[in-house]
Amino acid sequence: MQKYQNVVNGELAEPVESHKIFNPANGDLLGLAPISTENEVEQAVSAARDAQLAWARRSDKERAEITARIAKVLEENSEYLANLITREQGKPLSGPGSRFEMQACVGWTQGPASLELTPEVVYEDDERKDTLHRVPLGVVAAIAPWNWPLMIAIWQIIPAIRMGNTVVLKPSEYTPIATLEMVRLINQVLPPGVLNTITGDGRIGSKLTSHPDIDKIMFTGSEATGRRIIEASTHNLAPITLELGGNDAAIVLPGTNAGAIAEGLFWGAFLNMGQTCACIKRLYVHEDDYEAVMSSLGNIASQMTIGDGTDENVLIGPLQNKMQYEKVRELVADARANQCDVREFGDTPDKGYFLPVTLVGDINDGQRLVDEEQFGPALPIVRYRDLNAAVASANRLPAALGASVWADDPATAAETASRLEAGTIWINQHGAIHPMVPFGGNKASGYGCEFGLEGLKAVTQARVISLKK
Ligand code: TXE
């Protein structure tokens, strides 16, 4: 059986303990993933610490070149890694699945490689000149989730490395294997110690985030864990980038052509079987357009093939793990018990964590499927009569990662967009993130920005050189 290993100080570490990783599509054993000991956390942090100064002293140009080489490594190995992602995480190879995830890994590596944070003269007069420099923070702890395991790890590690930090990455205990393989490959072009991994669950994660030698924490995951990480950071005062998922609302303005927007709405909600932080998780539709939107979405849903994502025809895979599978089933059962209109599409295989594509109508604010983050393929569609009430509905929950407005006329949509509370408000698209465009949550969806120049700033600290003339 294939055994996967952590990388510490540029070398593969022989695991003391391991656990089995299974394919969520069929229950097949995929391989053994290591579980780090506390001592191994120490080793990884100290390898990162030892490597950091020399890495930071390299020229900015050199780090940009090495980052560009990482993009090449990802590109060359993308088919191998995409196959591993599909077998470990579940998302299909085809469509917006694991090949798409690998393209994103390449794009989000090329982005930071092409950007530069130049020193900024913030004040100058006859007597003084003050220049703000952006210097690395030191050792970054990166804690990644299981939904887009490689892409989100790349979001965390690449800006950090690009700016002269070193990293200890902990993938989710549900999806460590493909990430460990990616890190092993990336290490071929990095000096030892710049990018290290540890593995295990939250107990090992908290050893890392509370470690006194950590200078920055990058976290994507649940709100509850986010709060624990804030507490852990009292041990090291590390600044944190927190991306805590969302419960994104989409509003379809009255009179919008349902057929024209249906595909965008569908993938906005069902990307990665809904297991995406910025997916549409609540859809608000004017009562006059409700049936048209329902049936347009139903038409698309009925064309989806659900199954093992290694089959090129499959566009909808299993949920990643039992916890998530049970959670979505429970929320749909609650909607059914409350007489909602539950419409299910697609044949699901007998084995694996498969759920049908599910549209849930006749549902209202206050019901669990609307108010709780389902993180799965069940979309509640809420009717509204008054647009102001729909805006109030969209803004009423603490989660505020993304939102979207859909309309035939984007100018009309812009006015509604300006009243929505979220880190990003999309118009006629949803979840359309880009390596050059800052992304982050408002309210309970977290704080700090990723991507673009803002993302690079977030893994640096300001240092002012103040000159007396
Ligand atoms: O998340 P956790 P889980 C949401 C989604 C899902 C729920 C729970 O609704 O149903 O969160 O998922 C590590 N110190 N999202 O349990 O626990 C953990 O090992 C340090 C939305 O998987 O937040 C993993 O690596 N680390 C989200 C990572 O945190 C700790 C993506 C995320 O796990 C830790 C995933 C601790 N005390 C789930 N406890 C999004 N924003 O997209 C756990 N971890």
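Helices (H or I, at least four residues) and strands (E, at least two) are DSSP runs, numbered from the N terminus. The model on your screen is predicted: local features need pLDDT of at least 70 and side-chain atom pairs count only at pLDDT 80 or more, while totals for chains, interfaces and linings use all residues. Residue numbers start from 1 along each chain as its sequence is written, and side-chain values use heavy atoms, without hydrogens or water.

**First stop.** Select Phe219, Gly221, Ser222, Glu223 and Thr225, the closest to the centre of the largest pocket among its 44 lining residues. A pocket here is an open set of points on a 1 Å grid over the protein atoms alone where a 1.4 Å probe fits, with protein on both sides within 12 Å along at least five of seven lines; lining residues have an atom within 4 Å of a point.

Now colour α7 (202–209), β10 (216–220), α8 (223–232) and α11 (322–337), each of which supplies at least two lining residues. The top contributor is α8, with six.

Next, show domain 1 (6–245 + 445–468) and domain 2 (249–427): both give residues to this lining, so the largest pocket lies between them. Those bounds come from an automatic or database domain assignment.

**Second stop.** Move to Phe100, Leu271, Gly431, Ala432 and Ile433, which are the closest to the centre of the second largest pocket, out of 21 lining residues. Highlight α4 (98–114), α5 (149–162) and α9 (258–270) as well; each supplies at least two residues of this lining. Domain 1 and domain 2 each provide at least three.
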